[in-house]
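Here is a short briefing for your first look at this protein. Take a moment with the sequence and the 3D view, then read on.

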Amino acid sequence: MAEFSVKNLAAEWLMGTAADMPAQFGHVWVVIRASFLVPLLRFSLYICLVSSTMLFLEWVYIGAVLIYVKISGRNSENIYKCEPISEEDSEIGAAAFPMVLVQIPLCNEKEVYKLSIGAACNLSWPADRLLIQVIDGSSDSSIRDMIEKECMKWLSKGVNIKYQMRLTKGGYKAGALKEGSGYDYVKECEHVVIFDSDFQPGPDFLRRAVPFLVHNPEIGLVQARWRFVNADECLLTRLQEISLDYHFMAEQEVGSSAHAFFGFNGSAGIWRIAAINEAGGWDDRTTSEDMDLAIRAGLLGWKLVYVGTLQVNSELPSTFKAFRSQQHRWFCGPTNLFRKIVMDIFKSKKVSLWNKVYMIYNFFVVRKIIGHTCVFFSYCVVLPLTVLLPEVDVPKAGAVFVPCIIGAVNSIYATPRSLHLIFLWILFESAMSFHRTKAIFTGLLGSKNANQWVVTQKHGDAAENKANNIIESTAPKESRFKILRNRILLPELGIAVFVSLSGCYGFLYSKDYYFIYLFIQAITLTMVGFGFIGKILPNY
């Protein structure tokens with residue numbers, strides 16, 4: 001019937017007069033709207049509702065496991081034996097402590113290398129049972145010299161530290177760790193702990209983490225919780241803290257307690273070297289080399305343990321440019337890995353069906369894919385379109401209040417001090433959803449830049465001290481116009497215009513007040529589009 005109407009209208013338009021054209025175009029629009037646009041929007045809304053239901057059920061599952069862990073006390077420290085290593089036997093002495101390798105991969109990170117090296121050298125562990133390896137892939141010779149001098153300084157103090165300049169440049173972080181593990185002098189090490197350049201472990205880190213590996217031979221990894229020394233630096237770091245606190249306190253805790261599996265976070269974790277070797281070692285096929293190794297080890301039956309009370313300080317990116325590059329890597333890498341490893345998960349014979357479902361559905365599909373694509377398509381596309389096409393009815397109040405309630409509950413549990421920022425966090429997550437969705441599909445499709453790696457810029461204490469000037473690049477300063485052009489994000493600004501137009505239409509013709517949210521969301525998208533969030537530093 002719709003096809004017949006369109007054909008008739010097309011014939012009338014061809015045979016009609018110029019005066020009839022506006023009316024004929026109006027009729028064609030009505031038919032197209034009723035026959036194609038409205039059903040398509042209804043179908044899209046249905047997909048979004050299904051995706052939202054999946055996310056809600058995942059949230060309920062996580063909450064149920066956390067409640068059970070809290071009531072039963074089945075956290076890692078109660079499930080596994082973790083008594084401190086005894087030092088009372090004078091005959092054994094330091095031999096009771098396993099040989100531990102500390103790897104610190106660096107790449108042009110002159111602002112923070114002293115912090116990570118210094119913290120590693122101050123770890124409380126017998127000196128002859130500890131080896132610190134600094135793997136330097138810096139391209140700037142002056143930075144290499146500074147890092148080597150810092151290592152020599154600690155070597156002169158009696159610390160067993162090795163400065164290792166990378167011989168090859170491929171493989172990014174995975175390549176650095178693999179190269180560092182290949183030297184003969186590390187063969188006697190039983191465990192390896194990895195710290196990124198901005199991580200500052202406390203002196204007791206090894207004494208609290210290593211016992212899990214010593215007393216429980218089935219454990220392959222012990223992951224610590226990240227804490228953030230610069231969480232109060234700006235609004236951007238506060239919003240990141242909300243997301244990452246929930247990730248560690250909820251997602252990692254649930255994975256460890258219920259499945260003995262989760263994604264290794266890449267830093268502040270200690271591996272049993274035998275588990276790494278059995279899993280095939282470090283692989284640079286994606287930018288999620290940490291998650292890749294964790295899955296391969298998990299598929300072989302190794303247990304991965306998260307210890308929430310074991311905490312390590314680190315730094316959050318405080319500039320929007322650094323944050324965006326990090327987010328691209330964090331969201332592109334897992335989906336790129338998913339398409340490469342999903343069949344291995346299906347075929348694994350050492351993992352239960354329950355854990356296979358968790359790995360594929362909960363860990364990858366819901367959290368790594370659905371979670372952020374649903375936010376983008378729901379709040380930046382479908383819901384604004386329902387304002388322009390009111391024939392598609394949706395409870396818009398629920399679309400705003402339900403995420404706020406869920407976010408508030410998450411914040412009360414993980415980051416109670418930021419409860420007042422939850423609405424801003426929801427707006428920011430929605431504004432970032434396009435960038436993350438693009439990264440997700442880049443990984444799923446295996447695009448050319450799926451393996452693009454940009455080192456996240458760290459600032460250490462320099463961001464607070466303009467007189468230091470160590471954050472300034474040695475390259476010539478860019479013009480203000482070029483800096484501004486690099487900061488402008490046209491896709492986000494385009495979405496902001498679309499959301500604004502939907503808000504204007506809702507203000508003029510809708511009977512609800514959803515346009516208020518649309519206007520606020522448009523303002524957030526505009527700020528993101530112009531890069532007006534986070535710290536503004538020279539050449540940023």
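A residue is called buried when its relative accessible area is under 20%, exposed when it is over 50%, and partly exposed in between, using a 1.4 Å probe and protein chains only. Keep in mind that this is a predicted model: local features need pLDDT of at least 70, side-chain atom pairs count only at pLDDT 80 or more, and totals for chains, interfaces and linings use all residues. Residues are numbered from 1 along each chain as its sequence is written, and side-chain values use heavy atoms, with hydrogens and water left out.

**The overall picture**

- The protein chain has 17 helices and 7 strands; these are DSSP runs numbered from the N terminus, with helices (H or I) of at least four residues and strands (E) of at least two.
- Of the 540 residues in the protein chain, 53% are buried.
- The accessible surface of the protein chain is about 25,100 Å², and carbon and sulfur atoms account for 63% of that area; such areas come from the Shrake-Rupley method with a 1.4 Å probe, and for residues only the protein chains shown count as cover.
- A contact means heavy atoms within 4.5 Å. Among contacts in the protein chain between residues at least 6 apart in sequence, 81% join residues at least 24 apart.

- Strand β1 is largely enclosed by the rest of the structure, because 7 of its 7 residues are buried.
- In a regular strand, side chains alternate between the two faces of the sheet.
- You can follow this in β1: V100, V102, I104 and L106 point one way, L101, Q103 and P105 point the other way, and all are buried.
- β1 and β2 run parallel and are joined by 7 bridges; two strands count as paired if DSSP finds at least two bridges between them.
- L101 has L131 as its bridge partner in β2.
- Between β1 and β2 the chain passes through helix α4 (residues 113-121), and this β-α-β crossover is right-handed. That term applies if, with the strands pointing away from the viewer, the path from the first strand over the helix to the second runs clockwise.
- β1 also runs parallel to β4, with 4 bridges joining them, and V100 has H191 as its bridge partner there.

**Helix α6, under cover**

- Helix α6 is largely enclosed by the rest of the structure, since 7 of its 10 residues are buried.
- Those buried residues are K173, A174, G175, A176, L177, E179 and G180.
- Their cover includes β1 (100-106), β2 (130-136), β3 (161-165), β4 and α10 (289-299).

**Salt bridges**

- Side chains of opposite charge can pair when their charged atoms come close.
- The whole structure holds 16 salt bridges, each defined as a side-chain nitrogen of Lys or Arg within 4 Å of a carboxyl oxygen of Asp or Glu.
- One of them pairs E58 with R367 at 2.8 Å, N to O. This pair links distant parts of the chain, with E58 in helix α2 (residues 21-72) and R367 in helix α12 (residues 353-388), 309 residues apart.
- E58 counts as buried because its relative accessibility is 6%, and R367 is buried too, with a relative accessible area of 12%.
- D196 and K173 also form a salt bridge, at 2.8 Å, N to O. D196 sits in the loop between β4 (191-194) and α7 (205-215), while K173 belongs to helix α6 (residues 172-181), 23 residues apart.
- E233 forms a salt bridge with K535, where the closest N and O atoms are 3.7 Å apart. Here the partners are 302 residues apart: E233 is in the loop between β5 (219-228) and α8 (235-259), and K535 is in the segment after α17 (514-529).
- Both E233 and K535 are buried.

**A buried serine**

- S318 lies in the loop between β7 (303-314) and α11 (320-347).
- Is S318 buried or exposed? S318 counts as buried because its relative accessibility is 1%.
- Leaving aside neighbours within four places in sequence, the contacts of S318 include E233 and K535, and also N230 and H459.

**Out at the surface**

- I412, found in helix α13 (residues 396-414), is exposed, with a relative accessible area of 51%.
- I32 lies in helix α2 and counts as partly exposed, because its relative accessibility is 32%.
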